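Me: I have not looked at this structure before. Could we go through a few of its features, one question at a time?

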Amino acid sequence: MVKPIVDLAKYLEKGILKPPFAAIIEHFHDSYLLATKHSCSLETSHRLFMQLFELAMKQSENPYQFEIFHQSIRSPFDYYQFGLDFIRPLINFEKSTVLGREQLAKIYQQMAQGDNVILLANHQTEPDPQILSLMLENIDKKLATEMIFIAGHRVISDPLAIPMSMGRNLLCIYSKKHISHPPEKKTQKVSHNQRTMRKMSELLSEGGRCIYVAPSGGRDRRNSEGQITIAPFDPQSLEMFWLMAQQADHPTHFYPLSLHTYDLMPPPKHVEKELGEKRTAQFTPVHLAFSSEIDMEHFSESEHLDKKTKRDKRAEFIWKIVRRNYELFN
């Protein structure tokens with residue numbers, strides 16, 4: 001029997017919750033309890049969801065203001081650990097895989113000597129940061145805890161996402177898909193992104209950083225035939241990270257990373273401009289594949305190209321690696 005969210009009506013009456021968002025929460029709650037029955041008790045999953053619900057309601061009343069570089073909040077409430085505790089029951093660990101562990105060993109060595117690492121990855125589901133940490137916690141706990149994520153505005157604006165985001169290290173940015181909505185805020189958003197990039201440059205110059213970025217600027221989605229497609233990488237975004245790495249005081253290494261996490265909490269069919277997306281949780285295996293380090297200057301078919309063509313070819317080359325390794329899990 002699915003337990004009810006006892007305080008839902010109270011928040012509706014107060015006007016803190018609007019009926020459409022209440023329906024999203026109810027659906028998410030019911031799907032979460034159904035999915036987690038494979039890995040924990042009904043009481044445990046209900047308690048975890050109610051904890052998220054109460055945290056989300058606090059955000060609806062008084063939203064947390066994220067800095068350009070947000071650092072994980074571990075006390076007095078440990079948001080990082082809560083995020084792991086909430087997502088852990090949704091992962092079928094017995095059938096999950098991490099490929100490229102030899103690359104992880106190289107990443108560990110490079111960071112230990114003060115170098116930076118940028119993971120160029122696809123992005124499939126909202127809790128990808130928590131999934132990455134859970135899959136890495138028994139391999140490299142330091143990396144799992146300290147990784148920095150380039151985060152879009154949705155995960156620091158949606159009340160259900162904010163508690164999870166508060167537990168992560170984030171560089172907050174507006175993606176190209178949302179920077180012009182609404183039009184009157186475009187200038188403000190561009191300025192925000194410029195300040196974020198300056199902060200990232202500072203972090204790279206400090207050294208020893210690992211940054212996850214999805215150069216597509218969003219999540220993978222199903223095409224018209226119902227197949228999950230790896231969203232193309234934006235050449236301009238990749239070029240920006242490459243130029244910033246060249247200007248840093250420490251070397252920066254680039255690794256393609258493939259995530260197969262879609263089924264855990266599939267994204268909406270289309271990119272939504274407004275907040276409040278439907279969430280459906282499922283119990284599923286997840287898979288990661290770390291590829292060999294990329295030579296960003298000399299890669300396949302990179303010779304004798306003009307600057308723009310080389311930029312486009314670089315994005316396509318790395319995207320193909322991510323897609324190829326993703327397909328290993330299908």
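What follows is a set of questions and answers on a predicted model.

Me: How are helix H10 and helix H11 oriented to each other?
Reply: H10 covers residues 235-247 and H11 covers residues 307-326. They pack with their axes 9 Å apart, at an angle of about 95°. Angles of 65 to 115 degrees count as roughly perpendicular. H10 is therefore, relative to H11, roughly perpendicular.

Me: Which residues of H11 meet H10, and how many residues of the contact are charged?
Reply: From H10, the contact uses Pro235, Gln236, Leu238, Glu239 and Trp242. On the H11 side are Lys307, Arg311, Asp312, Arg314, Ala315 and Ile318. By class, the contact of H10 with H11 has five nonpolar residues and one polar residue, and the number of charged residues is five.

Me: How are helix H4 and helix H6 oriented to each other?
Reply: The axes of H4 (residues 79-87) and H6 (residues 128-136) come within 9 Å. Their crossing angle is roughly 85°. Since 65 to 115 degrees is the range for this class, H4 is, relative to H6, roughly perpendicular.

Me: How many disulfides does the structure have?
Reply: A disulfide needs two cysteine sulfur atoms within 2.5 Å. For Cys172, the nearest cysteine sulfur belongs to Cys210 and is 17 Å away, and Cys172 is in no disulfide. A search of the whole structure gives a count of zero.

Me: Is Cys172 buried or exposed?
Reply: Buried means a relative accessible area under 20%. The value for Cys172 is 1%. Cys172 is therefore buried.

Me: Where does Arg279 lie?
Reply: Strand S9 spans 252-260 and strand S10 spans 287-290. Arg279 is buried, with a relative accessible area of 1%. Its place is the loop between S9 and S10.

Me: Which residue's side chain is joined to that of Arg279 by a polar contact of 2.9 Å?
Reply: Leaving aside neighbours within four places in sequence, Arg279 is in contact with several residues, including His27, Phe28, Glu126, Asp158 and Met265. The Arg279 side chain also reaches a backbone oxygen, that of Glu277, at 3.1 Å. The side-chain partner at 2.9 Å is Glu126.

Conventions
Residues are numbered from 1 along each chain as its sequence is written. This is a predicted model: local features need pLDDT of at least 70, side-chain atom pairs count only at pLDDT 80 or more; totals for chains, interfaces and linings use all residues. Side-chain values use heavy atoms; hydrogens and water are left out. Axes are lines fitted to C-alpha atoms, for helices over the stretch in contact, and angles run from 0 to 180 degrees between N-to-C directions. Helices (H or I, at least four residues) and strands (E, at least two) are DSSP runs, numbered from the N terminus. Angles under 35 degrees count as roughly parallel, over 145 as roughly antiparallel, 65 to 115 as roughly perpendicular and the rest as oblique. Contact means heavy atoms within 4.5 Å. Ala, Val, Leu, Ile, Met, Phe, Trp, Tyr, Cys and Pro count as nonpolar, Asp, Glu, Lys and Arg as charged, and the others, Gly among them, as polar. Buried means under 20% relative accessible area, exposed over 50%, partly exposed in between (1.4 Å probe, protein chains only). A polar contact is a pair of N or O atoms within 3.5 Å; within protein, one must be able to donate a hydrogen and the other to accept it, and residues adjacent in sequence count only if both atoms are side-chain atoms.
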